[in-house]
Amino acid sequence: MQIVKLGLAGFGTVGSGLAKILAENGDWLEKRLDKKLEIKTVVVRDTTKQRGIALTSGTELTTDLARLTEDPEIDIVVELMGGLEAARDLIEKALKAGKHVVTANKHLLAEHGLELFELARQCGKGLYYEASCAGGIPIVQTLRESLAGDRVEEMLGIMNGTANYILSEMTTKSMDFETALQLAKELGYAEADPTFDVEGFDTAHKLCVLIRLAFGVDYPLAELPIQGISGVTPLDIKFAREFGYRIKLLAHAKDFEGRLEAGVHPALVPYTYLLARVGGNYNAVRVVGNAVGPVMLHGQGAGDTPTGSAVLADIMNIARHLHRDGCEKGYAPDNTGFGNKPLAKAKIMPPEDTMSKYYFRFMVADKTGVMAAVTRSMADHGVSIAQAVQKSEEGTEAVPLVIITHSTRAAAAEAVAREMDAMDFTMEPCVRFRIL
Ligand code: NAP
Ligand code: HSE
């Protein structure tokens with residue numbers, strides 16, 4: 001039986017998850033592929049580190065990344081290290097050495113994807129990345145293949161397992177933010193730098209990758225509005241519940257007659273929506289195609305075997321085309337879903353023009369005229385109020401005043417926030433989230 005040889009860069013959460021599935025499902029994979037997948041070499045930073053899973057005998061463990069690109073026997077290089085420079089260098093060398101590449105590195109793809117896809121095209125090699133977005137959910141293949149005939153009108157989703165886990169634990173168990181983040185790290189969900197998860201950057205990386213696949217344009221990461229969950233407090237979660245919402249970190253992109261509105265924000269989601277029910281490390285992505293209508297995918301967005309499963313799907317897609325004699329007759333991987341042609345920059349809808357309902361929480365002095373001043377500011381900026389609640393408590397100086405608005409321009413909501421923050425009765429900067 002033909003053996004397809006893999007070279008792994010990284011043997012942490014995802015690398016070991018992949019190895020577990022290969023060990024457990026080996027017979028099944030051979031049945032599907034009529035080929036055997038074998039990890040020939042694994043590269044890590046520290047070969048002495050204790051790992052949860054043993055490598056099969058014959059697998060080389062090394063710190064030398066060149067062992068992957070210089071070994072003619074390795075067919076597919078699997079980049080599971082994360083980070084930018086070393087990963088980029090490895091992928092470039094692997095493609096130039098005539099190897100296919102599988103990566104889970106959304107940060108790298110968001111920042112340098114266009115150049116890497118161009119290099120892969122020139123080399124005629126696969127650069128596959130199912131695991132880079134939403135962990136085990138097959139969203140890349142869905143957009144690139146299953147929905148290829150649709151014009152995508154809108155995409156909305158929860159794309160970060162760590163942030164969703166933190167918000168879920170804070171909501172359902174009243175766990176504090178730091179404890180939930182610590183648990184997410186221990187469970188292998190978080191990035192090496194968890195600021196990426198918490199501040200929305202990881203979600204933004206995934207959104208950039210998925211926008212290319214869904215809309216066929218490039219939305220530069222630097223221009224994407226990004227807000228994370230570090231400003232979400234137990235008080236806001238409690239108020240959101242009282243109004244019938246759950247707070248979720250959402251990524252969204254919508255086509256408005258050729259202009260793209262996109263961003264990453266925490267938002268209040270009506271608790272009856274499926275997205276509000278997505279808990280723990282789960283992600284969900286809702287895509288609306290002009291022919292198929294709405295499609296929703298739901299599954300684990302982070303963790304060892306869920307992500308390993310997505311990596312393995314890419315490896316198998318490539319392995320199917322590899323022949324014993326090294327010949328890959330007629331195999332021209334379409335890595336981008338648009339024939340590897342260069343993608344134009346998206347026509348971007350100015351973020352200040354976007355429309356949304358808003359949740360405002362002001363912390364104000366409990367005195368005459370405050371409510372009148374807030375409502376006057378909103379009226380002056382054309383912001384229409386749907387609901388308002390002020391919770392006074394005997395003996396407390398600052399009281400929360402929560403206002404839910406009707407749909408309004410982002411610029412108007414920003415102007416109200418700025419005006420209120422400058423008032424002498426305002427005791428903390430106002431909190432403002434969108435409402436779905
Ligand atoms: P991880 O647990 O931190 O593992 C990283 C691995 O890469 C470790 O084995 C580390 O070696 C090795 N490594 C890092 N830099 C290296 C270098 N310069 N040279 C050689 N080896 C190096 O990370 P992970 O969670 O598996 O994530 C890997 C990638 O998958 C990242 O791009 C991440 O964003 C992505 N991803 C992760 C998940 C998830 O749920 N964790 C899901 C989807 C995508 P040592 O073990 O010796 O330190
Ligand atoms: N840190 C990421 C998350 C891993 O929590 O979603 C999956 O991409």
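## Basis

The model is predicted, so local features need pLDDT of at least 70 and side-chain atom pairs pLDDT 80 or more, while totals for chains, interfaces and linings use all residues. Residues are numbered from 1 along each chain as its sequence is written, chains are lettered from A and ligands numbered from 1 in the order written, and side-chain values use heavy atoms, without hydrogens and water.

## Domains

The protein divides into domain 1 (3-135 + 304-345), domain 2 (145-300) and domain 3 (351-435). These bounds come from an automatic or database domain assignment. The centres of domain 2 and domain 3, taken over C-alpha atoms, are 25 Å apart. Their contact (heavy atoms within 4.5 Å) takes 18 residues from domain 2 and 16 residues from domain 3.

About 1,500 Å² is buried between domain 2 and domain 3. Buried area is the accessible area (1.4 Å probe) that two parts lose on being put together, summed over both. Carbon and sulfur atoms give 66% of it. On the domain 2 side, Phe239, Phe243 and Leu268 lose the most area to domain 3, together 38% of what that side buries.

## Ligand 1

The shell of ligand 1 holds 24 residues, each with a heavy atom within 4 Å of the ligand. Asp46, Lys49, Arg51, Glu191 and Gly303 come nearest. By class, the shell has 10 nonpolar, 8 polar and 6 charged residues. Here Ala, Val, Leu, Ile, Met, Phe, Trp, Tyr, Cys and Pro count as nonpolar, Asp, Glu, Lys and Arg as charged, and the others, Gly among them, as polar.

Polar contacts are pairs of N or O atoms within 3.5 Å. Taken alone, ligand 1 exposes 900 Å², and the protein buries 86% of that. Accessible areas follow the Shrake-Rupley method with a 1.4 Å probe.

## Ligand 2

The shell of ligand 2 has 3 nonpolar, 4 polar and 5 charged residues. Among them are Lys106, Asn160, Asp197 and Asp202. Helix 7 (161-172) and helix 10 (201-215) each supply at least two shell residues. Helices are DSSP runs (H or I, at least four residues), numbered from the N terminus.

A nitrogen atom of ligand 2 is 2.6 Å from a polar backbone atom of Tyr189. The side chain of Glu191 places an N or O atom 2.7 Å from a ligand 2 nitrogen. Lys206 has a polar side-chain atom 2.8 Å from a ligand 2 oxygen. Alone, ligand 2 exposes 260 Å², of which the protein buries 94%.

Technical notes
Polar contact = N/O pair within 3.5 Å; in protein donor to acceptor, adjacent residues only side chain to side chain.
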